[in-house]
Every structure is written in C-alpha cells, then in structure tokens.
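Here are my notes for you to read with the model open beside you. Take the points in order and find each residue as you go.

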Amino acid sequence: MLEAANLRRQMVRQIPLDTIEFLESAGLVAANSGWRLYLVGGMVRDLFLNRKTVDLDLVVEGDAVNLAQRLAEITGGKVVIHSRFGTATLTWTDRRIDLATARAESYARPGALPIVKAGSLVDDLFRRDFTVNAMAVDLSPGHWGNLIDPYGGRFDLSRKLIRILHEKSFVDDATRVWRAIRYEQRLGFHIEDITLSLLKRDLPHLDSISGDRIRHEMELTLREEYPEKVLRRAAELGVLAKLHPDLKGNGWLKRKFEEARQLSVPGRPSVSLYLALLAYPLCAGDVEKLIAYLRLPRSLAHVLRNVAVLKGSLRALAQPRLHPSRVYLLLNQSSPPALAALSIATDSEVVRGHIRAYLERLRYVKPALTGDDLNKMGIASGPQIGEVLRRLLEAKLAGKAKSREEEERLVGRWSRRT
Ligand code: CTP
C-alpha cells in the first residue's frame with residue numbers, strides 16, 4: 001500500500017509512458033478552459049493493487065464532449081458522443097478513453113436508467129458502485145497525481161472489502177449485485193457485512209433489470225479469469241438462479257471450465273463455450289427460455305441449441321464401433337464450438353474420440369467428383385446433383401469409394417438404376 005497521497009510515482013511505474021504523457025496533456029487542455037480533470041474508476045483501484053488496467057475513465061468538472069473533441073484533434077482520434085449522459089468516447093489506434101462530465105444522478109424508479117445533472121467530482125464519486133471504485137486522481141497541473149478519496153476506498157482496499165456507498169445502491173442499480181460478486185472473486189476480497197445483507201435484501205430488484213443488461217453482466221463474468229468462482233458465489237447467493245433455477249455453479253462446472261481453459265488457445269475460452277457449458281444441464285425447452293430471457297444474439301443461441309440437440313445423440317455416440325459415416329451424420333449439423341462444448345461436457349472417452357475424429361478428419365472429407373463433373377456425366381442440374389454428392393460423400397466415408405474412378409463407377413451404377 002502507498003503511504004503518500006500523491007500517486008505520481010506509482011503511476012509512472014505502472015502506466016505506459018505514452019498514457020502518462022496523454023494524461024498530462026489532457027489535464028493541461030482541461031485547465032486551459034478553467035476545468036479540472038480526474039482519472040477515476042478501475043484504473044485508480046488497480047494502481048493500488050498492482051494490476052494492469054487498459055480502460056481509462058476520465059471525469060471533468062467542465063464539458064466532457066468539448067474536451068473529448070479537443071483531445072481528438074491532438075491525438076488524431078475519433079470521438080463518439082453519448083449526449084444523453086454528457087459523455088464521450090475517444091479512440092485512437094488501440095486506445096479507448098471514456099470521458100464524462102462530473103454528474104449527480106438520481107433514479108426515477110429501481111432498474112431505470114439514471115436521471116443526470118451536472119455535479120462536482122465528489123457528487124460524481126458518490127453515485128458510483130463501491131468505495132474501491134469511488135476514488136479519483138487529480139490530473140490538473142500543479143495537483144497532478146493527488147489522490148481524492150472521500151469515501152474511504154483506500155481503507156477498504158487495505159481491508160480487502162467491497163462496500164457500497166449508500167443504503168440504496170443496489171436498489172438504484174441491481175446490476176451491482178453481479179459487479180460486487182465479480183470484484184470479490186476476482187480480487188480475493190469480501191463483500192462487507194452490511195453490503196452483503198443489503199445485497200440479499202435487494203435481490204428481488206434484479207427482476208426489474210432488462211435481459212440485455214443481465215446478458216452484459218454475464219458476458220463480463222465469463223470474461224473473468226476464473227468465471228466459475230463468480231458463478232459459484234452467485235449460485236450460493238441465489239443470484240444465478242434468477243437466470244434459470246437449474247443453472248449450477250458447482251464442482252462439475254469448475255472442472256469443465258478448467259478443462260475448457262486447458263484446451264483453448266491461448267487459454268481464454270470463448271464466451272460461447274463457457275455459456276454452453278453453464279447451460280449444459282438445461283433441457284431444450286429451458287435453453288429456449290434462457291435464450292429468450294437473455295436475448296442472446298443469434299450466434300450464441302445457435303451454439304446453445306446445437307448442444308441441446310447433440311445431447312440427444314449422446315447414446316448413439318457412446319458406441320465405440322460407430323462407422324465414420326454415422327459419426328459424420330450425427331455431428332455434421334453442429335458448429336465446432338457446440339462440438340467442443342459437448343466434448344468437454346461429456347465424461348465418455350468414446351464420445352470424445354468420435355468428436356475428435358469428426359473435427360480433425362471427417363468434416364474435411366469431400367468426394368473427388370464435383371457438381372460440374374456430375375453434370376458432364378449426364379446428371380441433370382438441380383437437386384439431383386446435391387443428392388448424388390451426398391450419397392458419394394457417404395460412400396467415401398464408408399470406404400466404398402476410395403478413388404475418383406470408383407466414384408465414377410458408383411455414379412454410373414446409380415444412373416443405370418434410375
Ligand atoms: N460504475 C458504477 N456502477 C455501475 C457501473 C460502473 O458505479 N453499475 C462506475 C465505477 O466507478 C467503475 C466505473 O464506473 O469503476 C467504470 O466501470 P467499468 O468500466 O464497468 O468498471 P471498472 O472499474 O473499470 O472495472 P473492470 O476492471 O471490471 O472493468
């Protein structure tokens with residue numbers, strides 16, 4: 001932990017030099033308009049924890065949109081303005097910086113998006129989720145690096161506590177339930193006692209959060225280094241059951257997530273693979289309910305549906321002496337991520353072997369003859385060509401057509417029969 005309340009040295013040690021230079025010029029540009037600029041949020045927290053953060057969150061007591069536009073001129077970056085909240089996002093090369101006008105927030109009703117009005121930095125910090133996220137670093141020339149910590153964030157960091165700032169925090173924004181669990185598990189902290197009892201009291205407010213926002217929380221959870229820890233705690237607190245009562249954050253899930261990491265290059269499995277494993281215990285009807293509730297995008301929904309269908313083929317796939325053509329037919333309607341999920345979820349080595357054979361070899365098998373070749377051999381254009389190609393593929397997988405000549409002979413025989 002740091003002793004001094006000026007973090008310049010710590011920042012220079014931990015933040016890349018070009019970012020430091022940017023933060024210095026940004027503070028200066030703001031000051032030229034008579035505004036004060038601050039670094040806030042996760043980066044301040046992670047400075048104390050020696051953790052790397054990429055996202056930069058800045059708050060200005062002034063006009064964030066105007067400041068973002070001027071910084072874009074200096075950096076050659078692009079600005080996207082979110083006028084409803086008086087915020088702007090500045091991007092250049094691989095950089096992303098969020099700028100906000102310091103604001104006070106109120107909520108018309110639980111779960112609603114906030115009503116925003118301009119405020120001071122201290123107001124702005126007060127509307128935030130947890131004390132450890134409610135610290136700021138002054139970027140104004142002459143004060144550069146000074147820590148502003150009105151709610152005891154630094155003390156809570158040293159005690160490893162996740163603490164809300166006021167009693168209505170989870171009512172204002174119930175997604176903070178998920179955020180509290182994520183930080184607790186990511187950082188190896190504890191949710192402070194009163195915060196925990198309010199979290200439990202306010203769980204029903206999660207029901208007023210839209211599926212889109214819950215899906216976002218779930219995506220962030222599945223991007224954590226060890227999502228199973230978050231899911232275990234969410235299950236324990238009755239938060240996971242809000243998505244579907246049959247979802248489990250148990251030892252099985254932990255084992256399967258670990259396997260997914262071992263098999264994934266470079267060690268971070270996709271959200272779709274994790275989600276398919278999480279949803280694995282659900283029957284097809286419940287998978288549909290989950291897809292509808294979370295409004296999953298088509299690609300994710302496709303993987304989950306594939307897995308539900310594949311589960312119906314498990315008994316057939318568990319037979320050791322299954323012919324390759326049968327393996328092909330059982331698996332060829334499913335996407336590779338769904339097959340990867342099934343392969344990890346099943347405990348049958350036989351099933352895994354068939355999936356491996358399909359993914360590594362069978363799915364690439366193609367007849368030597370093409371549609372054009374068949375046309376030249378007198379097969380009429382149209383659906384017949386597709387049908388003959390399908391039969392050729394089956395014959396090839398069954399070992400009955402080992403060369404182009406053998407394929408031609410088969411096609412000849414089939415044509416004579418019709
Ligand atoms: N914040 C909040 N309530 C929310 C979401 C965000 O108070 N529901 C505030 C917190 O101060 C947070 C900041 O906005 O620090 C930025 O949010 P986000 O980027 O989601 O979090 P980070 O703190 O950057 O943390 P992470 O490392 O998880 O990205």
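1. Let's start in a loop. Arg-295 sits in the loop between helix H14 (284-294) and helix H15 (298-311). Keep in mind as you look that this is a predicted model. Phi of Arg-295 is near 45°, which is a positive value in a residue other than glycine. That deserves a second look, because most residues other than glycine have a negative phi. Is Arg-295 buried or exposed? Arg-295 has a relative accessible area of 52%, and the cut-off for exposed is over 50%, so Arg-295 counts as exposed.

2. Lys-160 is not a glycine either, yet its phi is positive, at about 60°. You'll find Lys-160 in the loop between helix H6 (153-158) and strand E10 (161-162). With 44% relative accessibility, Lys-160 counts as partly exposed.

3. Leu-304 has a relative accessible area of 2%, so it is buried. What does Leu-304 touch, once neighbours within four places in sequence are left aside? Its contacts are Leu-275, Ala-276, Ala-279, Val-287, Leu-290, Ile-291 and Leu-296. Have a look at Ala-276 in particular: Leu-304 and Ala-276 are 28 residues apart in sequence, but their C-alpha atoms are 5.4 Å apart in space.

4. Asp-373 belongs to helix H20 (residues 371-376). Here we have a charged residue that is covered up: at 16% relative accessibility, against a cut-off of under 20%, Asp-373 counts as buried. What lies 2.9 Å from a polar atom of the Asp-373 side chain? It is the backbone nitrogen of Thr-370. Not counting residues up to four places away in sequence, Asp-373 touches Ala-368 and Arg-404.

5. Five of the six residues of E4 are buried, which leaves the strand mostly covered. E4 pairs with strand E3 (residues 78-82) in the antiparallel sense, over five bridges. To see the pairing for yourself, find His-82, which stands opposite Thr-87 in E4. E3 and E4 form a hairpin with four residues between the strands, and in this hairpin Gly-86 takes a positive phi near 65°.

6. Strand E5 (residues 95-101) runs antiparallel to E4, and six bridges join the two. Two of the pairs to look for are Leu-90 opposite Ile-97 in E5, and Trp-92 with its bridge partner Arg-95 in E5. This is another hairpin, with two residues between E4 and E5. Thr-93, in the turn, has a positive phi of about 40°.

7. How many of the seven residues of E5 are buried? Five of them are, so E5 is largely enclosed by the rest of the structure.

8. Last, the ligand. It is surrounded by 13 residues, and the closest are Arg-45, Asp-129, Asp-173, Arg-179 and Arg-186. By type, the shell divides into eight charged, four polar and one nonpolar. Asp-173 has a polar side-chain atom 2.8 Å from a nitrogen atom of the ligand. Arg-179 places a polar side-chain atom 3.0 Å from an oxygen atom of the ligand, and a polar side-chain atom of Tyr-183 also lies 3.0 Å from a ligand oxygen atom. Taken alone, the ligand exposes 560 Å², and the protein buries 75% of that. Helix H3 (42-49) and helix H8 (175-187) are the elements that give two or more residues to the shell. Which of them gives the largest share? That is H8, with five residues.

Definitions and conventions. Residues are numbered from 1 along each chain as its sequence is written. This is a predicted model: local features need pLDDT of at least 70, side-chain atom pairs count only at pLDDT 80 or more; totals for chains, interfaces and linings use all residues. Side-chain values use heavy atoms; hydrogens and water are left out. Buried means under 20% relative accessible area, exposed over 50%, partly exposed in between (1.4 Å probe, protein chains only). Two strands pair if DSSP finds at least two bridges between them. A residue is near a molecule or strand if one of its heavy atoms lies within 4 Å of it. A polar contact is a pair of N or O atoms within 3.5 Å; within protein, one must be able to donate a hydrogen and the other to accept it, and residues adjacent in sequence count only if both atoms are side-chain atoms. Accessible areas come from the Shrake-Rupley method with a 1.4 Å probe; for residues, only the protein chains shown count as cover. Contact means heavy atoms within 4.5 Å.
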